[in-house]
Amino acid sequence: MTTTAPATPARTDTAPAADRIDLGTVAVVPTRHWWRWTLSGLLLFVVAQFAWNLVTNDRYMWGTFAQYFFSEPVLIGIGYTLELTAISAALGFILGTLIALGRLSRSPLVSSLAWGYIWFFRSVPLVVQIIVWYNLGYLYPTLGLGTPFTTDFWIVEFPTVQLISAFAAAILGLGLHQAAYSAEIMRGGLISVDPGQYEAAAALGIPASRRLFRIILPQAMRSIVPNATNEVIGLVKGASVVFVIAIPELFYAVQVIYNRNSRVIPLLLVAVVWYAIITTILSIGQYYIERYYARGSARALPPTPLQRARAWVSTQWARLGDGPVPPPERPRYAPADSVSVGLTSNGNDTKFGGTGA
C-alpha cells in the first residue's frame with residue numbers, strides 16, 4: 001500500500017494590484033558619506049593654506065632658491081650623490097646577495113660568518129663606519145701581502161693613507177653598511193618562494209645555478225624589488241652623512257653656500273627639491289620594475305599611467321566628436337618570462353606541473 005502526500009497548493013500573490021510596487025519607478029538614492037566629504041574638505045583647506053603661505057611668505061626667498069638651484073656647486077654635489085649611491089648600491093647588493101646565500105648555506109661556519117657580518121654592520125652607526133674607514137691609517141699604516149701573523153710584507157705594500165682616500169672611505173662605509181641590509185632583503189625574498197619550487201627543479205635535474213637565476217630569483221624579485229628600492233632611496237639621502245669627511249655631495253654643497261651668505265632656508269629648499277626629484281625618478285623606475293616581474297604571477301598587467309592617459313584622451317576626443325565612445329582597453333595577458341615548476345604529492349602519486357613562456 002502506498003500513500004501520496006497531498007499536493008502543496010501553488011503560492012499566489014493575493015495582494016491587490018494597487019498595492020504592488022513597480023521596482024522600475026523606485027528612485028535610487030546613493031549613500032552620502034558626510035564625514036568623508038567633511039574630512040576631504042578640511043584636508044583640501046590645509047593644503048591650500050600651505051600652498052598660499054609658500055607663495056606669499058617672503059622669508060622663503062624664492063629668488064635665492066632660483067639663483068642657486070642650477071648653480072655649479074649644487075650640480076657637482078648632485079653628481080657626487082648619484083655616484084656614491086650607484087656604486088654603493090651595486091657593491092651592497094652584490095655583496096648582500098652572497099651573504100644571503102651564505103645565511104642559507106648548510107655549512108654552519110659559512111652561515112655563522114654571514115650572520116656575524118650582518119650583526120656587526122647593523123650594530124655600528126653608518127657615520128661611525130665612515131669615520132673609521134677614513135682614519136684606518138691610524139690603526140694600519142700599511143697594507144700588503146707577506147708572511148702570515150707578521151708585519152713583513154715581501155710581495156706588495158701600500159700606504160693606507162694613500163690607498164683609502166675620502167671617496168674610497170665613503171664607498172666602503174656606505175657599501176659595506178648597505179650589504180648587511182641588502183642581505184636580509186635578498187634572504188627574505190628567497191625564502192618567500194615555495195620550497196616546492198626548489199624540490200621540483202632539483203628533481204627535474206636542472207643545475208643549481210639555473211635553478212637560482214631562472215626559477216627562484218625571478219619569483220623572489222616580486223618581494224625583493226619594493227624593499228630594495230626603499231633601501232636605494234634611503235641610500236640617496238643617507239649619502240649626505242659623508243659631509244663629515246668633506247666630500248662635496250649635495251648637502252655639503254648647500255651647507256658651504258649658506259655658511260657664506262646666511263641664506264639657510266632657500267638653500268635647504270634647493271636640497272629638498274633635488275632629493276624629491278631623485279626620489280620621484282626612482283619611484284617611477286620601481287613601478288615599471290615591479291610591473292615587469294609581475295608578468296609571471298598576474299594574469300593581466302595593470303595599465304601604465306601613459307596608457308590610462310591615452311585611453312582618457314581617446315574617450316574625451318570621441319565624446320567631443322559625437323562619435324561612439326571606444327571601449328576601455330583590455331589589459332593584455334602577461335607572458336610568463338620565467339619557468340615556474342611545482343611539485344605536488346598525493347599518496348603514492350607524484351605530479352610535476354609547470355608554466356612557462
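**View 1. Arg 103, Glu 184 and Arg 187 are joined in a network of salt bridges (side-chain nitrogen of Lys or Arg within 4 Å of a carboxyl oxygen of Asp or Glu).** The model is predicted: local features need pLDDT of at least 70, side-chain atom pairs count only at pLDDT 80 or more, and totals for chains, interfaces and linings use all residues. Residues are numbered from 1 along each chain as its sequence is written, and side-chain values use heavy atoms, with hydrogens and water left out. Arg 103 and Glu 184 pair at 3.2 Å, N to O. This pair links distant parts of the chain, 81 residues apart: Arg 103 in helix α3 (residues 72–103) and Glu 184 in helix α8 (residues 166–191). Helices are DSSP runs of H or I, at least four residues, numbered from the N terminus. Glu 184 also bridges to Arg 187, with the closest N and O atoms 3.0 Å apart.

**View 2. Surroundings of Leu 174 in the largest nonpolar core.** A nonpolar core is a set of buried Ala, Val, Leu, Ile, Met, Phe, Trp, Tyr and Cys residues joined through side-chain atoms within 4.5 Å; buried means under 20% relative accessible area (1.4 Å probe, protein chains only). Of its 32 residues, Leu 84, Leu 174, Ile 224 and Val 242 touch the most other members. Helix α10 (208–238) is one of the helices that each supply at least two residues; the largest share, 10 residues, comes from α10. Beyond neighbours within four places in sequence, Leu 174 has contacts (heavy atoms within 4.5 Å) that include Ser 88, Ile 130 and Leu 235.

**View 3. Ile 131 in helix α5 (residues 126–134).** Ile 131 counts as partly exposed because its relative accessibility is 38%, between the limits of 20% and 50%.
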